[in-house]
2 protein chains.
Amino acid sequence: MKKIFLILLAAVLLPLVLSAQQAIFTKEGVCSPQINEDNSVTFRIYAPKAVKVEVTGDCFANEQGGWGKAGLTEGEGGVWTLTTGPLDSELYSYAFIVDGQQMLDPSNVFLMRDVRSLMNIFIVPGEKGDLYNVCKTSHGTVSKVWYDSPSLGMQRRMTVYTPAGYEDSGNKRYPVLYLLHGMGGDEEAWVTLGRAAQVLDNLIAQGKAEPMIVVMPNGNAGLPSAPGEGPEGLYQPMTRPMKTMEGSYEAAFMDIVDYVDSHYRTIRKKSGRAIAGLSMGGFHSFHISKQYENMFDYVGLFSAAVRNPENGVGGIYEDFDSKIARQFANGLRLYYIAIGNTDFLYEENTKLRSYLDEHDYPYVYVETDGGHIWRNWRIYLTDFASRIFK
Amino acid sequence: MKKIFLILLAAVLLPLVLSAQQAIFTKEGVCSPQINEDNSVTFRIYAPKAVKVEVTGDCFANEQGGWGKAGLTEGEGGVWTLTTGPLDSELYSYAFIVDGQQMLDPSNVFLMRDVRSLMNIFIVPGEKGDLYNVCKTSHGTVSKVWYDSPSLGMQRRMTVYTPAGYEDSGNKRYPVLYLLHGMGGDEEAWVTLGRAAQVLDNLIAQGKAEPMIVVMPNGNAGLPSAPGEGPEGLYQPMTRPMKTMEGSYEAAFMDIVDYVDSHYRTIRKKSGRAIAGLSMGGFHSFHISKQYENMFDYVGLFSAAVRNPENGVGGIYEDFDSKIARQFANGLRLYYIAIGNTDFLYEENTKLRSYLDEHDYPYVYVETDGGHIWRNWRIYLTDFASRIFK
């Protein structure tokens, strides 16, 4: 074969030239966001025709997580710039507003979807940032698994994290944390917004958490999967049937446990099972853990909706007092309640704590600053995961 | 416990109100894109302050995949609209241009990243669209797996697809397709832009392809993983070291095969292995399949860069004629070459075919319309996957 003498540079550049056909979101030379030495952050956007450019995000946020905003200044060549003050170590979300129009940062391909919103993200290094980053350590496997749910009559999708070394540990069995999302979330939420795989990889590598399997199901019993991942096709989140707080999911939950126990090397007893969730997922954890009264040794309620509806599929919400009495009579190793001091569910959680106090049901209570936001839920996961299976 | 009588509606709405704090990309009531009965598509965007709004995308594209554009018209309440003519069944990509500024569709959370570009997507139903959609059938498992690569001295990330039923099929062994991405791509490319999991799920369910494991590694030996998925943190794609066409990856490829054969129930012989790739991944498949001359019974070169550099790590590019002679003397079941008639690599592939013809090396050749674009690579995967392991 006649060798074709192309310098490798050309081999590198040709596809780039080509991909440039579609490279619509990158203005060469614009770096945004740029994390500076002092942990200040510089936002940049090429917007030569713009009259006004702002950035909105949770680094300008109030305690509730409501986004403030700040204006950028136009510089040379139509590039607008803003540098913040030094920021605490954290994972932050933001977007630009160009002449009143919200848009993502053309220079940043890293996004998260929160229910029906897309936002750019960046991580400021330090204690929290390093925990949420992929670090130089061994990593677990994250799988998208379809399981059969006879109770709901459908195949359903979930995310399963198996810790580093699981595949090579022979017959070793692992405990399981069932980790549940909030209203409007899905099986993607904890591994994207919650950084659950990074948090577990890092805690386990540091010896702060036991190696565990983490199962992240979909809490809307009306649908099989996250938007776009099921036969419903590509639709806008929250525009399809929701069966979320009427008992179906709780009544069918053992389908998930059965699948996990029959397909993974799990510790198939109470001491090997934890259940925790945020907001609606706290509601689910609250009711599931007392319904299956001797299944979970560890229960985590993160900013939980702890209300108790009148009616529920399979009588799930009935006989509250006797069920929770049996749950605590059976004994459990950790009943964990965490909430932010400005969370809109704070009062519900205060009432739950009074109820538990009245009955001398032991629990651990953690209160943080801030409201009903992922920043807190990542903190609660980190704390809860460090306390269980020990 | 005093029951808190909140109608469930409130339980549903509260979190929405809250998430609305961050719901920056959704204007209620705006549906975009809307696929109409006749397969025309209506684009809409709320942009009350805009003077000019256009949409750019591959539904306006030329054969090379270059994006054309079209203007939207402002209607009531600041919502701009455009309806296309009926479109062929396909997965399409697009973005808006508001007063000259490229931006994603605020009403569409479905995106793909192509190297360093983000674009919205939609699927027009029909033969191809249905193949790229998640259908009402059983689904395989898609896992993000970290494996050890002794040859490269690092842990590396890959995507592994195991077909529906794999977990429940006892000791049954499966053939493996090693599916390689192009320059600037990574282990995410084939399962996002390539819709590989949907294509395999659907072909297998229809009996058109054999159940197989599909292994999608990262072809840049200079990095462990896709941008943002490794210890390098969140960086702009293509701004980190590239070791892609100098032999390192090919020389280390058996690390991947060894991991897969030792961690999955594979058919551990030539008849159970296929290797295929697009563009640079075709280059890799071309050289790997002749270097390991008796390992792969099926070789697929999709729009392949089939050049043969002078020097390569581990002598990978040396002795071309004798290596390919041994590869064909050993016999293989399918040597498959596919390219679009306007692809910029068309001539390289013509030269390869002449070379194979000269030496009476048998191969299958498929030529399609169009250029160096994912639309073609999805077609080639569909065709190739239907021909192997039979």
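In helix α9 of chain A, the residues A:E348, A:N349, A:L352, A:R353, A:Y355 and A:L356 are buried, where buried means under 20% relative accessible area, exposed means over 50%, and partly exposed lies in between, with a 1.4 Å probe and protein chains only. These residues cover an arc of only 160 degrees around the axis, which puts them on the same side of α9(A); the arc is that of the directions from the helix axis to the C-beta atoms. On the other side of α9(A), A:E347 and A:E358 are exposed.

This is a predicted model, in which local features need pLDDT of at least 70 and side-chain atom pairs count only at pLDDT 80 or more, while totals for chains, interfaces and linings use all residues. Residues are numbered from 1 along each chain as its sequence is written, chains are lettered from A and ligands numbered from 1 in the order in which they are written, and side-chain values use heavy atoms, with hydrogens and water left out.

Helices (H or I, at least four residues) and strands (E, at least two) are DSSP runs, numbered from the N terminus. The expected span of a helix is 1.5 Å times one less than its number of residues, and the table sets this value beside the distance between the end C-alpha atoms.

| Helix | Residues | Number of residues | Expected span | End C-alpha distance |
|---|---|---|---|---|
| α10(A) | 374–387 | 14 residues | 20 Å | 20 Å |

What covers the buried residues of α9(A) includes the helices α7 (280–291) and α8 (320–330), together with the strands β16 (298–302), β17 (334–340) and β18 (364–368), of chain A. Just after α9(A), A:D360 takes a positive phi of about 55 degrees.

**Chain A as a whole**

Chain A has 10 helices and 18 strands. Its radius of gyration is 23 Å, close to the 21 Å that the globule rule gives for 390 residues, so chain A is as compact as a globular protein of that length; this radius is taken over C-alpha atoms, and the rule is 2.2 Å times the number of residues to the power 0.38. Of the 390 residues of chain A, 62% count as buried. Among contacts (heavy atoms within 4.5 Å) in chain A between residues at least 6 apart in sequence, 74% join residues at least 24 apart.

Two strands pair if DSSP finds at least two bridges between them. In chain B, four strands form an open antiparallel sheet in the order β1-β2-β6-β5. Strands β1 (34–35) and β5 (73–74) stand at its edges, each with a single partner strand, so one side of each is left without a neighbour in the sheet. Within chain B, β2 (residues 41–46) and β6 (residues 79–83) pair in the antiparallel sense over five bridges, and B:T42 stands opposite B:T83.

Strand β11 (residues 141–149) of chain B has eight of its nine residues buried. It is joined to β12 (residues 154–162) of chain B by nine bridges, and the two run antiparallel, with B:D148 opposite B:Q155. In the hairpin of these strands, which has four residues between them, B:G153 takes a positive phi near 65 degrees. Strand β11(B) also pairs with β11 (residues 141–149) of chain A, in the antiparallel sense over three bridges, and there A:K144 has B:V142 as its bridge partner.
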